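Here is a short report on the inside of a protein model.

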Amino acid sequence: MTITYDDKTPRHFMIASIVWGLVGMLVGVIAASQLSWWQANGKFLESITFGLVNTDGLSFLTYGRLRPLHTNAVIFAFVGNMMFAGVYYSTQRLCKARTASDLLSKIHFWGWQAIILGAAITLPLGLTQSKEYAELIWPLDIAVTLVWVVFAINFFWTLAKRNEPSLYVALWFYIATIITVAMLYIVNNLQIPTSLTHSYPIFGGLQDALVQWWYGHNAVAFFLTTPILGIMYYFVPKAANRPVYSYRLSIIHFWALVFIYIWAGPHHLLNTALPQWLQTLGMLFSLMLWAPSWGGMLNGLLTLRGGWAQLRTDPVIKFFAAGVTFYGMSTFEGPLLSIRAVNELSHYTDWTIGHVHSGALGWNGLMAAGMFYWLAPRLWKTELWSKSLANLHFWTALVGILLYVAAMWTAGVTQGLMLGQLNEQGTGLKYEFVDTLLAIRWPYYFRTFGGTLYLIGFAFCAFNIWKTARTGTAVNGTAEITPLEKEKKDFMGLKPIFTHKSTQHVFCVILFAILWHFAPSGGDWAAFAMVIVFAVLAVRAFRKNVKGWADFHDKLLENYIPLTVLAFIAVAIGGAVQILPTLMVDRAKNIEGRLQERYTPLELAGRDLYIAEGCYNCHSQMIRTLVPDIMRYGRVGVADDYSHLGESIYDFPFQWGSKRTGPDLAREGGPLVEGNKHVRLGKRDNLWHFNHFLNPRQLSPGSNMPAYPWLFENETDFKALPGKIAAQTRLGVPYPTMTRDEIEQNAREQALAIAETLKDSAFLPSREDLSGDELRNYLANRQVIAMIAYMQKLGTYTDSGLKKEKPDTFDPDQQRQARETPAPVETARR
């Protein structure tokens, strides 16, 4: 019988990917420019319009607002739509069946575009969760989940209707993507709403950090890697007209990757307050990723064997070969950065930014372009409009991404080395943080230039595809197929996956390996012995019955439900082992030593403003257990003043950060001023923070931080605080019982007390007519006061009483001179 494929859906997803790709990359270039020239945060627009546009109130143009828009647009809009185009096109051919439901395909497409549009509106408005790659507000999270379920139903329904008995390797990766992304997204976005646009996650502090990077790392793994590998396994052989180099290698690649990848998230939190066993686990599994990742890379490149001559003439092969090479480079660099000694240098610097972009633009971007150039002639039944323009795109993009990555490597290594360099006496640090920003200014310029080149190259692609579509006619592919009898597919139940010797041996090895890690002294070595025993038994059983084990796997590929269940078990084990133990540990009653002081209502309002303005994109709140970090950010006179586990226990969400474009803020706050229950004095006084928000370069020449004039105009939302306090209480923050009026009164009293300290010394250019009590009353209602309150609270903690620590000595006067008299190296090292 003849079937007609639904190529309208992949055609729409491809067009959407190109359009959103241009938007995401343009926003990325703007964000890169903002780090190179602070005026690009809005003042540039004011200059080129000769003052006709006043950008003082345009808060959505700042780096903190645009950076999440850039990452979400590139990941979920550009790569997401590209992935869906490839999945819908290839799945129909591999199953020899039309997509199960045209209606579900339409709901999926338009639902996904609506979500992206919602993100494009809300993120610049400061409506964010602040969790990397998971910034969307809770209504959009629900929409993402529902649309993903629609996609899953359509995909698995198509598998059930297939006319091909065995599932090809590309489909394995699609299955792993669908089930794992659903698991990751739902768990990481469990939250309690306080309004239509605001919520708090149910995890806080250590738990939130671990769950977030379990999600964040594996969003890269199962949204940006596994589906693109599936696309590689389908489109590269098609483009090269050659079979996959090694089917056996693809089996090893798949199962090793989906099992190992999920464990590697903690390597984003090395040298932090994360328990050592989790750090070690994350590092070890990251190193193990080298093998399957490079196995897949070699399988892709060697598929092109004998066809390298096509590189000179076929732009599609160029893009695929370069894309797979970047995959190999990125998956070599990732495990390298997870080594603790390397991570000390790279983390919180631009080296990580370079690594991420080599994957997103080098691997995903080049693979997307290759797929577009291969698909367009087939979707519109014509020739590619211009191979010359496609080749120009290739070289422009390649030079652009190489410039970008090289600039970020240079900036990251330079900044990491400078931040850790001691002075000639060896008693303090040589450079201020702002000195490192000045030193890496030229790499930032090259980053912007490289990103602009990549954007120009992609514009060539968009134009080429548009002209190709104009010269052709949209068509749907057809195929002659023989309907498959029901008895020849999906005949296996779930029981065999638990009773076959292959899975039993593997489960036993994994079980005793976990027990080896958690068992008490004596029991751990017994568990390790069992690991060896079952590993030996597995090898012996395999050698005795190689054909039986191979037949079992072949049958598994003819039954999509058991395959899906087994893949889910493989990815779920790692998350359960890492996350569940922390649910017991991260509680106030179990914390030894330092315990975070809860935020007052005003400080909580300031924290939400900090998140809304995107300050977490540039500032961390985590002093690592490293000498330079302790010397630079720890309090003077407090030995080993790194961030402890209990100091962020009430942070919903956590704010440990992933990049330092500005200094760490974990010790920015300080104790209450004697005789005043509302005013604190930290490293800097209230006036310093006031002026810093107004004009950062007034106090830190060379800073690339934008000014925040709207904080001095917009009013704090005191009315929203009771709902937020109620949500925090449900999450376990020990607030006393307060009425709505008491909460609001507490916040207003603290705001007035802080404004009182500013009324005689602060100067507000926009309200020159105000002074004294008038200025105090005006400022007390403004967002800047809430932000100052939050700044002055950071790093305050009490003794939990579970463990008597040596009392900390903290002298505010001595603290303000921290930069001139840092703690001795010996004290910090001890």
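The text below takes the nonpolar cores, then the pockets, then a cavity.

This is a predicted model: local features need pLDDT of at least 70, side-chain atom pairs count only at pLDDT 80 or more, and totals for chains, interfaces and linings use all residues. Residues are numbered from 1 along each chain as its sequence is written, and side-chain values use heavy atoms, without hydrogens or water.

**Cores**

A nonpolar core is a set of buried Ala, Val, Leu, Ile, Met, Phe, Trp, Tyr and Cys residues joined through side-chain atoms within 4.5 Å. Buried means under 20% relative accessible area, with a 1.4 Å probe and protein chains only. The largest core holds 224 residues; Met-14, Trp-112, Phe-372 and Phe-693 touch the most other members. Helix α3 (residues 63-95) gives the largest share of this core, 16 residues. Helices here are DSSP runs (H or I, at least four residues), numbered from the N terminus.

What does Phe-693 touch, leaving out residues up to four places away in sequence? Its partners include Met-705, Tyr-708, Phe-712 and Met-791. Contact means heavy atoms within 4.5 Å.

**Pockets**

On a 1 Å grid over the protein atoms alone, a pocket is an open set of points with protein on both sides within 12 Å along at least five of seven lines; a cavity is a set where a 1.4 Å probe fits but cannot get out; lining residues have an atom within 4 Å of a point. Grid points are joined across faces, edges and corners, and a volume is the space filled by probe spheres set on the points.

| Space | Volume |
|---|---|
| Largest pocket | about 1,700 Å³ |
| Second largest pocket | about 710 Å³ |
| Second largest cavity | about 200 Å³ |

The largest pocket has 41 lining residues, with Trp-255, Ala-256, Phe-259, Val-506 and Ile-510 closest to its centre. Helix α19 supplies the largest share of that lining, eleven residues. By class, the lining of the largest pocket has 34 nonpolar, five polar and two charged residues.

**Cavity**

The second largest cavity has 17 lining residues, and Gln-621, Glu-647, Asp-651, Ala-666 and Gly-795 lie nearest its centre. This lining divides into five nonpolar, seven polar and five charged residues.

Note on methods: Buried < 20%, exposed > 50% of the residue type's maximum accessible area, 1.4 Å probe, protein only. Helix = DSSP H or I, 4+ residues; strand = E, 2+ residues; numbered from the N terminus. Nonpolar A, V, L, I, M, F, W, Y, C, P; charged D, E, K, R; others polar.
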